[in-house]
Amino acid sequence: MGVSLSCHLPLAQEGIKPLTLRSGLFSFLRRPSLSSSFGSTPTSSDGIAQLSANEYLVMAGTLHGVHAITSRIAPVAKSSGVQTIESESFKMTIHMTLTGIKFVLISSTDMSNAESILQKVYEAYADAVMKNPFYTLEMPINATGFETRMNAIVAAAGR
Amino acid sequence: MSQQAKQYKAIGEDLWKNRTEKVNAELFSFTYGALVVQMIKDYEDYVEVNKQLEKMGYNIGTRLIEDFLARTSLPRCVDFRETAEVISKVAFKTFINITPSISFPSATSQQQSPRNEVAGMTGPTEFILTFDENPLAEFAELPLDAMGGKYAKAAEEKKALNWDLSEIGGQDEGLWFSNILCGVIRGSLEMLQMQVEATFVSDRLRGDDSTDIHVKLIRIMEEEQPINDE
């Protein structure tokens, strides 16, 4: 079973209309077929659509497949798979931990510190999720503490 | 000490000094002691208590590893020797501020047990952690009947004199007071696709010369892949 979670909020950066920017963050475990998700509320209502739990599931599933394929076709042995995907309108940064959890950040293309943000997310996950005795491994995350920290991280990143 | 070992030592010390929240060591030690004693009262069997402690440790380990990785961002170890170094110098240092020394069973003993060859692994597949100090057992002193086989008889005699000593099972094996550590090692390595066996081989609490945990690699678990996946 896996988890996925997300935060959506605009990145307000100088000279760029916030509307064109998106920053989302979600993570899931090894088997996305069993994953589920929750989204945090956007901190401002600028019209960015919040994806439904099902859509995150599809996204997680697709990405899981892509990740598995990239790690297999990589020219180097024991590849850790795809790490960033860049397009004209967004950039997707994937951080996979040694334990097999993937944290994914969807941001605008000019996001330069994506890796360090994902590292912070991992720390928040270790603190707010793994140390919560009432959290069952590989179940959807449903912790307000984690959500608060995620919102803070994403808010700080958007500044 | 090799270059690599020094490097891990520095990482461990840095983490302990700067990035670890500390609690009172006595509180920690008392809490653990109270837990073990309560479990002995509940189970009335040392073997069962050992098993439960290991299980608790396992559950801790599977979670603790995330904290460890998030804070250290260490890459995957190349071989099991490196794993041993990291466990001793970084993991034990950051979590309980001790650095158990590592030794590798000699090549001869490995020849005696050739079954412990792990596919795709070079170098040692087992190591022994020797604890000079053990914060868990800071104030503990085991009762005679918990010290295992060689004391079982003495305990028997003493019991004849001490009529109120309750009957506790599993005296032949005795209590491995800090067995939770074995579970933590097993749980955390399992999350990194390493299946290991961690067992106490001796404990100062039992009158042994040293406190040793033997960690043996069973196999590297491959990422499960669906069969006939096309």
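**Exercise 1. Which residues of α2(A) are buried?**

Solution. Start with the ground rules. This is a predicted model, in which local features need pLDDT of at least 70, side-chain atom pairs count only at pLDDT 80 or more, and totals for chains, interfaces and linings use all residues. Residues are numbered from 1 along each chain as its sequence is written, while chains are lettered from A and ligands numbered from 1 in the order in which they are written.

Step 1: Helices (H or I, at least four residues) and strands (E, at least two) are DSSP runs, numbered from the N terminus. A residue is buried if 20 or more other C-beta atoms lie within 10 Å of its own, exposed if 12 or fewer, and partly exposed in between; C-beta atoms are placed from the backbone.

Step 2: locate the helix. Helix α2 of chain A covers residues 114–130. Its 17 residues reach 23 Å from first C-alpha to last, close to the 24 Å expected at 1.5 Å a residue. The expected span is 1.5 Å times one less than the number of residues.

Step 3: read off the list. The buried residues are A114(A), I117(A), L118(A), K120(A), V121(A), Y122(A), A124(A), Y125(A), A126(A) and V129(A).

**Exercise 2. Classify Q119(A): buried or partly exposed?**

Solution. Q119(A) sits in helix α2 of chain A. Q119(A) is partly exposed, because 16 other C-beta atoms lie within 10 Å. Now look across to F103(A). Q119(A) and F103(A) are 16 residues apart in sequence and 9.0 Å apart in space, C-alpha to C-alpha.

**Exercise 3. In which sense do β5(A) and β6(A) pair?**

Solution. Strands pair if DSSP finds at least two bridges between them. Strand β5 (residues 91–96) and β6(A) pair in the antiparallel sense, over six bridges. I94(A) stands opposite V104(A) in β6(A). The hairpin has five residues between the strands, and G100(A) takes a positive phi near 95° there. Strand β6 (residues 102–107) is mostly covered, with five of its six residues buried.

**Exercise 4. Which residues touch the most other members of the largest nonpolar core?**

Solution. A nonpolar core is a set of buried Ala, Val, Leu, Ile, Met, Phe, Trp, Tyr and Cys residues joined through C-beta atoms within 7 Å. The largest has 41 residues, and I185(B), I213(B) and V215(B) touch the most other members. The largest share of this core, eight residues, comes from α4(B). Another core, of 24 residues, lies apart from it; I101(A), L105(A), A124(A) and V154(A) are among its members.

Next, inspect α4(B) itself. Of its 17 residues, 14 are buried. α4(B) bends by about 35° at I87(B). The bend is the angle between axes fitted to the seven residues ending at a residue and the seven starting there. Just after α4(B), N97(B) takes a positive phi of about 55°.

**Exercise 5. Where are E44(B) and S73(B)?**

Solution. E44(B) lies in the loop between α2 (25–43) and α3 of chain B. Its phi is near 55°, positive in a residue other than glycine. E44(B) counts as partly exposed because it has 14 C-beta neighbours inside 10 Å.

S73(B) lies in the loop between α3 and α4 of chain B. S73(B) is not a glycine, yet its phi is positive, about 45°. S73(B) is partly exposed, with 13 other C-beta atoms within 10 Å.
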